[in-house]
Amino acid sequence: MRTVGLVTEYNPFHNGHLYHLQESLKVADADISVTVMGGHFLQRGEPALVDKWVRTEMALAAGVDVVVELPLPWACSSAPDFASGGVQALNALGGVDALCFGSEAGVLEPLQQCAELLLEKETDLGEQTSRLLRVGVNYPQARAKLLASYLPDTLDSEALASPNNILGLEYLKALKQTSSAIEPL
């Protein structure tokens, strides 16, 4: 029996979330789904439109088997901490075989290459990002521009600055940083 993990907000649960859940079960060849979901407050600190209890009921009614709350400090953080908290929760649960996330890229390999580069050249990329921030480039665009310059044959900078790709990169980094046995999908 295989288990797929999802890191979610479900604010509120909608047909796109249902599609992601169903496809995740298929892609992971999983029988069980576990979601780590933000509580009353979501990424970047905004309050949820629907309380966590109702969102949990929606997820369970849609077929999620287990819902675990992502603690507030991680749920309200930017992509690196949000993803790290989600991966740490899935690791701590044990028995999770795969983490399935959506992305605008729709393919894993270029995201994995970018995540590995971010880890390998963390200091250098951090310094270069800081320089770009000082001249008015926002963080997602700065990081995307740098990644595209290091890996021009992967994804263009616009794709790398897309929200789900950014989060996907952070999931991949967190899996690697925690030496997780969870397979990214």
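How many helices and strands does the chain have? I count nine helices and five strands, taken as DSSP runs (helices H or I, at least four residues; strands E, at least two) numbered from the N terminus. I read the order along the sequence as β-α-β-α-β-α-α-β-α-α-α-α-α-β.

I noted the ground rules. This is a predicted model, where local features need pLDDT of at least 70, side-chain atom pairs count only at pLDDT 80 or more, and totals for chains, interfaces and linings use all residues. Residues are numbered from 1 along each chain as its sequence is written, and side-chain values use heavy atoms, with hydrogens and water left out.

**Whole chain.** I looked up the C-alpha trace, which spans about 45 × 35 × 30 Å along its principal axes. Of the 185 residues, 45% count as buried (under 20% relative accessible area, 1.4 Å probe, protein chains only). I then checked contacts (heavy atoms within 4.5 Å). Among those between residues at least 6 apart in sequence, 73% join residues at least 24 apart.

**Helix H4.** I picked residues 79–93. H4 has 15 residues and reaches 21 Å from first C-alpha to last, close to the 21 Å expected at 1.5 Å a residue (1.5 Å times one less than the number of residues). Its buried residues include Phe82, Val87 and Leu90, along with Gly85 and Gly86. What covers H4's buried residues? I find strands S1 (3–8), S2 (32–38), S3 (66–70) and S4 (98–99) among the cover, plus helices H3 (72–75) and H9 (163–177). Glycine 94 follows H4, with a positive phi near 70 degrees.

Definitions and conventions: Buried means under 20% relative accessible area, exposed over 50%, partly exposed in between (1.4 Å probe, protein chains only).
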